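Take a look at the model below. Keep the sequence beside it as you read.

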Amino acid sequence: MAPKHNNQVFDSHFHKDWQRYVKTWFNQAGKKKRRRTKRLEKAKAIAPRPVAGLLRPVVHCQTIRYNARVRAGRGFTLDELKAAGINKKQARSIGIAVDHRRKNRSQEGLQANVLRLKEYRSRLILFPRKASAPKKGDSTQAEIDVATQLTGPLLPIKQVLSDTTARVISDDEKKQSAFQTMRMYRANAKLVGMREKRAKEAAEDDGLGVKGKKKK
């Protein structure tokens, strides 16, 4: 802002010590090479297991905004492993993540992860602990000879898009009220205990032959 009247022109210095705020990134190429070297070392150390690590389940994201999307979860539930016919102690040893805390909230999610486990088990080439004494469930020598390490994603998760089209609202849908339906279900869930208690007391009173008091 210029000064008013016959006054001295400002000589402000607002760019002092700018060298303190300059950040360089000269090690960018070196860091990139180091990350690549570490990835190769890790892949070599865990070979012939997949580079992506353990198999993860398909779960839905949280909140009403993102719950239509699916992502990789922490581990499979015990019910999913049981339905797929895999022992929970054996699952971790063959590259399957297990989460005993997670619960299945829907039958669709349970079936999706069971199919995921079965597909992984069908593609799995299981090396025997001792080549001279293979156990039941181990792969044959011909399968072991052609086995290669998987470098890409392990059974990549695909987003399920709902194919919906615009349509005319029917007369029955116009008569129904979503608010009233939700309110009724909420009230029934809230009063279920009280109604059971009253029904039980009424049944006991009828069995004893107790008559109710007359109102004045």
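Is Leu-155 buried or exposed? The model is predicted. In it, Leu-155 has a relative accessibility of 11%. Buried means under 20%, so Leu-155 counts as buried. Find Leu-155 in the loop between helix H6 (141-145) and helix H7 (171-175). Its backbone deserves a look too. Phi of Leu-155 is near 45°. That is a positive value, and the residue is not a glycine.

Now turn to His-5. This residue sits in the segment before H1. Phi of His-5 is positive, near 65°, and His-5 is not a glycine either. What about its surroundings? The relative accessible area of His-5 is 75%. The cut-off for exposed is over 50%, so His-5 is exposed.

Next comes helix H1, which spans residues 28-46. Arg-39 belongs to H1. Its relative accessibility is 53%, so Arg-39 counts as exposed. How far apart are Arg-39 and Gln-107 in space? From C-alpha to C-alpha, the distance is 38 Å. Along the sequence, 68 residues separate the two.

Move on to the loop between H1 and E1, where Pro-48 has its place. Look at the peptide bond that runs from Ala-47 to Pro-48. This bond is cis, and its omega is near 5°.

Now go to helix H5. It covers residues 107-123, which makes 17 residues. From the first C-alpha to the last, H5 reaches 25 Å. That is close to the expected 24 Å, at 1.5 Å a residue. Look at the start of H5. There, a side-chain oxygen of Ser-106 comes to within 3.2 Å of the backbone nitrogen of Gly-109.

Which residues of H5 are buried? They are Leu-110, Asn-113, Val-114, Arg-116, Leu-117 and Tyr-120. These residues cover an arc of only 160° around the axis, so they lie on the same side of H5. The other side of H5 holds exposed residues: Glu-108, Leu-115, Ser-122 and Arg-123. What covers the buried residues of H5? The cover includes strand E1 (58-60) and helix H3 (78-84).

Asn-113 is part of helix H5. Its relative accessibility is 1%, so Asn-113 counts as buried. Which residues does Asn-113 touch, leaving out those up to four places away in sequence? They are Pro-57, Val-58, Phe-76, Glu-80 and Arg-102.

Finish with the open space in the model. The largest pocket holds about 1000 Å³. How many residues line the largest pocket? There are 35 of them. Nearest the centre of the pocket lie Ile-94, Leu-124, Ile-125, Leu-126 and Phe-127. The largest share of the lining comes from H5, with four residues.

One side of the helix carries the buried residues, Asn-113 among them. The other side carries exposed residues, including Glu-108.

Key
Residues numbered from 1 in each chain as written. Predicted model: local features only at pLDDT ≥ 70, side-chain atom pairs only at ≥ 80, totals over all residues. Heavy atoms only, no water. Helix = DSSP H or I, 4+ residues; strand = E, 2+ residues; numbered from the N terminus. Expected span 1.5 Å × (residues − 1). Buried < 20%, exposed > 50% of the residue type's maximum accessible area, 1.4 Å probe, protein only. Arc of directions from axis to C-beta. Contact = heavy atoms within 4.5 Å. Polar contact = N/O pair within 3.5 Å; in protein donor to acceptor, adjacent residues only side chain to side chain. 1 Å grid on protein atoms, 1.4 Å probe; cavity = no way out; pocket = protein on both sides within 12 Å on 5 of 7 lines; lining within 4 Å. Points joined across faces, edges and corners; volume = space filled by probe spheres on them.
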